[in-house]
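This report is meant for a reader meeting the structure for the first time. Please keep the sequence and the model in view while reading.

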Amino acid sequence: MKIIVTGGAGFIGSAVVRHLIMDTEHQVVNLDKLTYAGNLASLDSVANSDRYHFEHSDICDRVELDRIFMQHQPDIVMHLAAESHVDRSIDGPAAFIETNIVGTYTLLEAARNYWKDLSSQRKESFRFHHVSTDEVYGDLHGTDDLFTETTPYAPSSPYSASKASSDHLVRAWHRTYGLPVVVTNCSNNYGPFHFPEKLIPLMILNALSGKNLPVYGKGNQVRDWLYVEDHARALVKVATLGLIGETYNIGGHNEKQNIEVVRTLCTLLEELVPAKPAGVDKYEDLITYVTDRPGHDLRYAIDASKIERELGWVPEESFESGLRKTVQWYLNNKDWWQAVLNGSYQMERLGQGA
Ligand code: NAD
């Protein structure tokens, strides 16, 4: 099949593209605007495949989208392109409204326009897979509750509100126009190629250079962590086998307080990099508590039993094995993150004739 992956140069999108090229026979069209979060170096291992094609485009650009649909004739769209960082959404929500809401609307309309003229067989097998987050459900205050596919939406941040909005649009395009959609809502991801503004890579890289490890509030916020390659496998299962109109929650059964995550990273670094930067006695000494994020959700936790039961997906990594792999990846791939930290990764974007 031919699959358009939007946001394929991002953290999760690039894991999906690598998985599709390395482990399946599908053809991939990576449609990405290459914002600060898009990094083509994350696709070096697959970019030379003749089953991979890159389109440098914006999901808000309808004319370009129409051309891409007509030219590539996709069987599936996996929609991951988004503005994804909660702190940035608090500082500047406009880009989130534009990409996550208007962009999803524009992509839905382009997909619908293409899909309505397909032959009846291709029309029936077409899928629009919208990739979303568990943050649309708001937060949990009890210790035992879990988000299920029927938990009411109660987003807290501009980011989660914009994703909630896009989820509603996707479901409305199914109900009103019959567009064959599937939706997934996933918990926090971590793993290789994660942009260093997010908690886990930020802590690894700060610790390696002897900088403070800033933890919001008391660090007692609970997140349910999933290794990114497990998420990529789940997404491809849903895109190819999921039932039309259904939603699947995806999670790793790894609920951890933020402070626990940071301490575990420090312990791993003590073992893997015992030679510390000058003046650092123990990595844990670098932990500093900073003013909490406004509206910070306390606890997220996913009930992933539906996708396990119906599609036979289970995560392969435990939190311990996934975190160890992640730290090791950052230790082995300094070129990748140094290019992000010094900004030179964006030169590659310009070099692509973008
Ligand atoms: P990311 O920020 O790493 O990547 C986003 C990608 O989208 C980048 O390559 C960027 O260039 C591209 N993009 C942004 N605006 C675009 C536009 N207007 N047109 C085309 N491309 C554009 O994000 P991520 O962490 O990989 O998340 C991917 C998706 O998964 C998002 O929809 C996010 O909401 C969802 N999600 C993320 C997590 C997580 O923990 N990171 C968890 C659950 C769901």
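The sections below treat the sheet, the helices around it, and a few single residues.

The model is predicted. Its sheet is open and consists of 7 strands in the order E3-E2-E1-E4-E5-E6-E11, with parallel pairing. The edges are formed by strand E3 (52–56) and E11; each has a single partner strand, so one side of each is left without a neighbour in the sheet. On average, neighbouring strands of this sheet are turned by 20° against each other, direction ignored.

Strands of a sheet pair through backbone hydrogen bonds, in either a parallel or an antiparallel manner. Leu-31 has Glu-55 in E3 as its bridge partner.

E4 is joined to E1 by 4 bridges, the two strands running parallel. Within this pairing, Ile-3 stands opposite Ile-76 in E4. E4 is also joined to E5 by 4 bridges, again in parallel, and the bridge partner of Met-78 is His-129 in E5.

In a regular strand, side chains alternate between the two faces of the sheet. In E4, Ile-76 and Met-78 point one way while Val-77 and His-79 point the other way, and all are buried. E11 is likewise covered on both faces: Thr-247 and Asn-249 on one side, and Tyr-248 and Ile-250 on the other, are all buried.

## Helices H4 and H6 on the sheet

Helix H4 (residues 94–115) packs on the sheet, where it touches strand E1 (2–6), strand E4 (76–79) and strand E5 (127–133). The direction of H4 makes about 165° with that of E5. Helix H6 (residues 158–177) lies across E5, strand E6 (181–186) and E11, and runs at about 155° to E5.

H6 has 20 residues, which at 1.5 Å a residue should span 28 Å; the end C-alpha atoms are 28 Å apart, in agreement with that value. The buried residues of H6 include Tyr-159, Ala-164, Val-170 and Trp-173. Their cover includes helix H3 (86–91), H4, E5 and E6. After H6 comes Gly-178, which has a positive phi near 80°.

## The enclosed helix H1

How much of helix H1 is buried? Of its 13 residues, 10 are buried, so H1 is largely enclosed by the rest of the structure. Among these buried residues are Phe-11, Val-16, Val-17, Leu-20 and Ile-21, together with Arg-18 and His-19. The buried residues of H1 pack against E1, E2, E3, E4, strand E7 (189–190) and H8.

The length of H1 (residues 11–23) also agrees with expectation: at 1.5 Å a residue its 13 residues should span 18 Å, and its end C-alpha atoms are 18 Å apart.

## Two loop residues

Arg-299 is located in the loop between strand E13 (287–290) and helix H10 (305–311). Is Arg-299 buried or exposed? Its relative accessibility is 4%, so Arg-299 counts as buried. The side chain of Arg-299 makes a polar contact of 2.9 Å with the side chain of Glu-255, and a polar atom of that arginine side chain lies 3.0 Å from the backbone oxygen of Asp-145. Leaving aside neighbours within four places in sequence, the contacts of Arg-299 include Asp-139, Leu-140, Phe-147, Val-222 and Arg-223.

Glu-246 is located in the loop between helix H8 (228–241) and strand E11 (247–250). With 29% relative accessibility, Glu-246 counts as partly exposed. Beyond its neighbours within four places in sequence, Glu-246 is in contact with Val-181, Val-182, Val-183 and Lys-306. Glu-246 and Pro-180 are 66 residues apart in sequence, while their C-alpha atoms are 9.7 Å apart in space.

## Cysteines

The structure holds 0 disulfides. Cys-186 has a relative accessible area of 3% and is buried, whereas Cys-60, at 22% relative accessibility, counts as partly exposed.

Key
Residues numbered from 1 in each chain as written. Predicted model: local features only at pLDDT ≥ 70, side-chain atom pairs only at ≥ 80, totals over all residues. Heavy atoms only, no water. Buried < 20%, exposed > 50% of the residue type's maximum accessible area, 1.4 Å probe, protein only. Contact = heavy atoms within 4.5 Å. Pairing = 2+ DSSP bridges. Axes fitted to C-alpha atoms, helices over the stretch in contact; angles between N-to-C directions. Expected span 1.5 Å × (residues − 1). Disulfide = S-S within 2.5 Å. Polar contact = N/O pair within 3.5 Å; in protein donor to acceptor, adjacent residues only side chain to side chain.
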